[in-house]
Amino acid sequence: MIESSDVLSVMKVVYIIYGMIIFSFIGMYALGISRSKQILPGIKVPFYGWIGFLVFVGVGLHLLTYHTIPWVKLDLSRNKVKVDKEFNISIADYKFQLPDNKLLIEEDQMVRFNLESKDYTYGFGLFREDGTMLFQMQVVPESRNDIVWKFNKKANYTIRSTEYAGPKGGNLFVKNAVIVATNAEIAQLISQKELLQN
Amino acid sequence: MLDVSRLNPLQKVALRFAVVSLIYYGVTILEGMLMRAHQINYDVFQTDHYYAILNAHPMMGIFGSSFMLVFGAFYFLVPTLLGKSIYSQRLAEMTWILMTVGAGIIWISSFFFRYAALYTNYWPLPVSNEFSPYALGTFAIGNILLMGGVFVFCYNIFATVFHQRDKKKPIGPMLLSALGIDGFINLYRRLSRKGSEKEPIMPLPVVAIFRGTIDAVLDAVVLGGASVIFLVHAIYTLMGTNLSSGWLDALIYKNIYWWGLDLIADGLVLIYVAGTWYLLATLISGKPLFMQNIARAALLVELVVSWNVWGHHLLSDQGQPNLMKIVSGEMVTAFELVTMGIAVFITLATLWQARPLKMTPPLKFLLGGVLGFSLGVPAGIIQADLGMNRILHNTQWVIGSHAHMQMLVGLGMTLYAALYALFPMLTNNVELKSNRLTNFHFWAHLIGGIGMSVAMGFAGMDGMLRRAVYPGDTTFQPHMIIAAFFGSLMILAYLAMMYNIISSIGIRGLIEIFVKLPERQKRETVPAV
């Protein structure tokens, strides 16, 4: 499954190219406007063609992401999605209350996170070890806050609040709280935990 | 030097707004650089101090600076373009006083009381135990005064447009023209070939100001109303009764609050900027605006669009209905690409028709503003997408590549273009002392603004959140060092501009904009024996 890191890598390239195009256009325009003779080939941009192009880009972006970014359809249809695992997490007084020290997920499992805030508006985001974001959502008190995600890569994720809830919440996180691993590795982790408890 | 005794009341009040605006802008960028320093080294401030600065920063920048400069310019332009007297000079003076005091009190709530609910004021945060009732109450009073000033401005501008003191004119056609409906009528007549097009009554910049001011009223109702709620809660807490915050659903509050706030960012800013571009394009080129009827019609479309786009702020709120996310958050928001695209096209086409043009400061800054919006608007459209919002919401991308690019480069350069264009008109042709400093201001602000915004944007794409601190974590330090470098250029740009303006009008002139100083004693020369 395409991940956020893939999408953002493409976006960085597109953004740089777009920026260069805009700088070049404005630069050429500024040069052209201060000269009476056209020194560069003039491009007659028909007005309605320009509007059509903008409509195409505006609508096209959303159609493109709907069909290529997997979590869009997943999110819109999450009521009907059958999940392999569900975690209920609450946040109160600037603390994440996790059902377990580590949330263990097997590779390729579909997981639903149900979040509840007992006081303020928080956020819930999963971040990779290099600091990049996997996903995030808002956690609003007295509101539905759930997200469905398919984890198809082994990784450890830090849970971090992605919404400001006051100075105390400015650095609210639980390091490596989510572990995605193979079936065998998860089983090993569970048995290690049971041994420790016993 | 500026001779204040020869200024008329409109020039004086516009200059008062401008001076306060530039002072608050200095406060804003100082706050910005303090925060830049903290994001490099988290030992610079205590966390609550950092967030208090973050609370004050957008309020000073948006209301203390941008709104002030815009209102001052419009107080001068609307009567001038209409050839009428301003409805009330007294209300104009009251506007800048209320807004100056209001913004100052908000700053005090952060500085002294460490109020830090931020401009989002998410419910139930502002009335929680997080902040003292003194902090909350001070902020609320400041915001109520600020919004009061906004209301006074809006009333005064509408009254100036419609008052019949100088000449009697029927109000109906004036209202239709102010809303740009005559633009639609002309387009219909042209397309259907029925009837002939009529020259609109209202000058196009006044149409933009009128339409944008409708959004200003609605925005002030929402933000002022929220502040009244905060004040009530603060007073009750001081009296020993903690009112429950459960009476208002947090998600509904968020919807209402963002609807109101977006009337600034996606409403009046875009409409005012378009109107300013049109005015500057016609002033600089000396030509009528290209496709004027479409420009008028597009301004009304933008007004209606601005009422329906707030959903893009709630794309990551899972309790928000999917239909609202798709329609308001994605599709209607995407239409802003079209309305801004129309403004860019018409502005550039108008100027192009008049070439060759001399690259004066107003023209340079205008092109800088167009560049800023061309970079900032698409960044906003990208994040207003369900797929992209999931991985960009509340990251530095939003506040960097989008918000700061729009405010510092798009809006900022446009306001400077207007400042340099209006400076001779407001000062009775005082000339700015140094073209070099003006040039330096242009390049330093442009490069600094774009560089800082892009550095923040890349930090966001690498996972750095906005409104967050990372003590002990140096992952984003390289991005923040680069952002701080470019931010420093903007400080230098500001200093260059201020030195240029103050040395041109003189310290005496600057002070006399506000208070009359005693006459200078003429030194008597005693002849040598």
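**Starting at the first residue**

Author: A:Met1 is partly exposed, because 13 other C-beta atoms lie within 10 Å of its own (buried means 20 or more other C-beta atoms within 10 Å, exposed means 12 or fewer, and partly exposed is in between, with C-beta atoms placed from the backbone). Keep in mind that this is a predicted model, where local features need pLDDT of at least 70 and side-chain atom pairs count only at pLDDT 80 or more, while totals for chains, interfaces and linings use all residues. Residues are numbered from 1 along each chain as its sequence is written, and chains are lettered from A and ligands numbered from 1 in the order in which they are written.

A:Met1 sits in the segment before helix H1 (4-33) of chain A (helices are DSSP runs of H or I with at least four residues, strands are E runs of at least two, and both are numbered from the N terminus). Leaving out residues up to four places away in sequence, A:Met1 touches A:Pro70, A:Lys150 and A:Asn152 (a contact means C-beta atoms, placed from the backbone, within 7 Å). A:Met28, on the other hand, is 27 residues along from A:Met1 and 42 Å away, C-alpha to C-alpha.

Zooming out a bit, chain A is split into domain 1 (4-68) and domain 2 (85-197), with bounds from an automatic or database domain assignment. The C-alpha centres of these two domains of chain A are 39 Å apart.

Next up is helix H2 (residues 47-68) of chain A. Its 22 residues should span 32 Å at 1.5 Å a residue, and the end C-alpha atoms are 31 Å apart, so the two agree (the expected span is 1.5 Å times one less than the number of residues). H2(A) also has a kink of about 30°, centred on A:Gly60 (the bend is the angle between axes fitted to the seven residues ending at a residue and the seven starting there). Buried residues in H2(A) include A:Leu54, A:Leu61 and A:His62. The buried residues of this helix pack against helix H3 (70-76) of chain A, and also against helix H10 (322-353), helix H11 (361-383) and helix H12 (386-392) of chain B.

That brings us to the interface. Chain B puts 60 residues into the contact and chain A puts in 58. On the chain B side, helix H2 (47-82), H8, H10, H11 and H12 each supply at least two residues, and H10(B) gives the most, with 12.

What about the inside? The largest nonpolar core has 223 residues, and B:Ala14 and B:Tyr75 have the most contacts inside it (such a core is a set of buried Ala, Val, Leu, Ile, Met, Phe, Trp, Tyr and Cys residues joined through C-beta atoms within 7 Å). Helix H8 (residues 250-285) of chain B is its biggest contributor, with 22 residues. Domain 1 (4-68) and domain 2 (85-197) of chain A both give residues to this core, so it lies between them.

As for confidence, the model scores ipTM 0.94 and pTM 0.93. Chain B has a mean pLDDT of 93, with 98% of its residues at 70 or more (pLDDT is the predictor's confidence in each residue, from 0 to 100).

Methods:
Contact = placed C-beta atoms within 7 Å.
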